[in-house]
Structure formats: C-alpha cells, structure tokens
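Hi everyone, thanks for making time.

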Amino acid sequence: MSAVRQTETIPEWKREEVDELVDFVESFNSVGVVGVTGIPSRQLQAMRRDLHGSADLRMSRNTLMTRALEAVGDGVDELTDTVAGQVALIGTNDKPFGLYKQLEASKTPAPINAGEVAPNDILIPEGDTGVDPGPFVGELQTVGASARIMDGSIKVTEDSKVLEEGEVVDEDLASVLTELGIEPKEVGLDLKGVYSEGVPVEPD
C-alpha cells in the first residue's frame, strides 16, 4: 500500500511532463543536454527558430528532466550527470558533430557585466572612440587603455589589452566596454553532453 500512496504524491502534471520528456528523448537519434545560462529570452527564441527543422529544444525542471532520462535508461541516463544549473534537452536526427557545429555557429556576441569572468583576453582596439572630449578619456586610462584627445575626439592610440582571460571584470571596465559597444563574450547553447545511437559523446 505504501508504494501506491507514494506514487500518488507525485502531482498529475509532473507525471505528464515526465511522459512528454520521455517521448521527446525517444523520438530522436541523438539527445543532448545544453546549458542556457545567461541567454536572454529574446536570443533564446531566435536560437530555437534557427534550429527549427534540424533540432528541437525542450525546457523543463531539472528534476523532471533527470527523472525522464532515468526512465529511458539504455545509457541515456548517463546524461543526468550534466543536468545542473540552467539547462535544456536538445534532440536531433543529425550526427552529434553536426549539432555541435550548428550550436557553435549560432553563438552571438554579448556585453559582459561587472563580476563576470573574462572568457578570453579583452582588447580595446586602436582607433577613434567617437566620444567627445571629456572625462571618458580618464575612464579609458583607468582601465589600462592608451587614450588621448586628438582632433576633437577621444582616440585609443594603440590596441590595449585591458583584462586577461580568467580575470574578473570590474564596474569601471564593464562601463567602458558598454560605452564603446564592445561585446567580449559569446552567448549560446552550450553542449554539455550527447547520447547518440547508443554511444555517449563528450563535447570536446
């Protein structure tokens, strides 16, 4: 009796959601888990549109995705290790290598915020900033850019590396990069793992 009572504590909508997720997983040759952290909803919708016809994205609660992957079993349940943070399931009948290339190609530049870690070296390129003379020249110099006022405008006199990969962006640098329209990071669907035709495939 206790086993019956236990299953009854799972709300009907959760059972239906898990069933739908199981159907989703079983309907593709390749199923993966992708990270969606930091992707604005507008860009996420655009990425879904771009994938339409070659891959499908399915968002749900992590606990329900984990339950569905475990229910399918057959090795697909190994993907449960990658269900952490903000993630979604992705399904395709394409080869996983084609899927990976498509996801990488769909990544778009985005601004970086204070407190985030630089994904690569951040450079402020040589050239005219288009900003009129004023305190911005001092802000550029503060973050480590070679800048001065020339011909009625603030110019960066040489390519200036202002942050190393792995370092944390501070408020001053985030503000300068935003002013210059520099978007040093990429946002996109980050493939964490794929199970394809009976074989687990690592992203690397």
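This is a predicted model: local features need pLDDT of at least 70, side-chain atom pairs count only at pLDDT 80 or more; totals for chains, interfaces and linings use all residues.

Let me start with a term: a salt bridge here is a side-chain nitrogen of Lys or Arg within 4 Å of a carboxyl oxygen of Asp or Glu. Residues are numbered from 1 along each chain as its sequence is written, and side-chain values use heavy atoms, with hydrogens and water left out.

Okay, so how many salt bridges does a search of the whole structure find? It finds nine, and I'll take you through three of them.

One of them is between K161 and D121, with the closest N and O atoms 3.4 Å apart. These two come from distant parts of the chain: K161 is in strand β9 (residues 160-163) and D121 is in the loop between β4 and β5, 40 residues apart. On the naming, helices (H or I, at least four residues) and strands (E, at least two) are DSSP runs, numbered from the N terminus.

Are they buried or exposed? For that we need cut-offs: buried is under 20% relative accessible area, exposed is over 50%, and partly exposed is in between, with a 1.4 Å probe and protein chains only. K161, at 42% relative accessibility, counts as partly exposed, and D121 is partly exposed too, at 35%. While we're at D121, its C-alpha atom is 8.6 Å from that of P184, although the two are 63 residues apart along the chain.

Next, E116 and K185. Their side chains meet in a salt bridge at 2.8 Å, N to O. E116 lies in the loop between β4 (108-110) and β5 (122-124), and K185 is in strand β10 (residues 185-187), so this pair ties together parts that are 69 residues apart in sequence. E116 counts as partly exposed at 24% relative accessibility, whereas K185 is buried, with 15%.

What about burial here? R58 counts as buried at 19% relative accessibility, and E17 counts as buried at 15%. There is a further partner as well: salt bridges that share partners join E17, E20 and R58 into one network. And if you want another distance from E17, its C-alpha atom is separated by 11 Å from that of T63, 46 residues apart along the chain.

Now let's move to charges on the surface. Which residues gather in a patch of negative charge there? They are E16, D19, D23, E26, E70, D74, D77, E78 and D81. A patch is made of residues with over 30% relative accessible area and no salt bridge, with like charges joined within 9 Å. Asp and Glu count as negative, and each charge is placed at CG of Asp or CD of Glu. Helix α2 gives the most to this patch, with four residues. D74 sits in the loop between α4 (62-72) and β3 (87-92), and D74 is exposed, with a relative accessible area of 69%.

On to helix α5, residues 96-105. Its buried residues are P96, L99 and L103. They cover an arc of only 55 degrees around the axis, which puts them on the same side of α5; that arc is taken from the directions from the helix axis to the C-beta atoms. As a reminder, an α-helix has 3.6 residues a turn, so residues three or four places apart point the same way. The face turned away from the buried side of α5 carries the exposed residues F97, K101 and A105. K101, for one, has 63% relative accessibility.

Most residues other than glycine have a negative phi. D151, though not a glycine, has a positive phi of about 50 degrees. You'll find D151 in the loop between β7 (147-150) and β8 (153-156), where D151 is exposed, with a relative accessible area of 75%.

Notes: Patches are made of residues with over 30% relative accessible area and no salt bridge: like charges are joined within 9 Å, nonpolar side chains (Val, Leu, Ile, Met, Phe, Trp, Tyr) within 5 Å. Accessible areas come from the Shrake-Rupley method with a 1.4 Å probe; for residues, only the protein chains shown count as cover.
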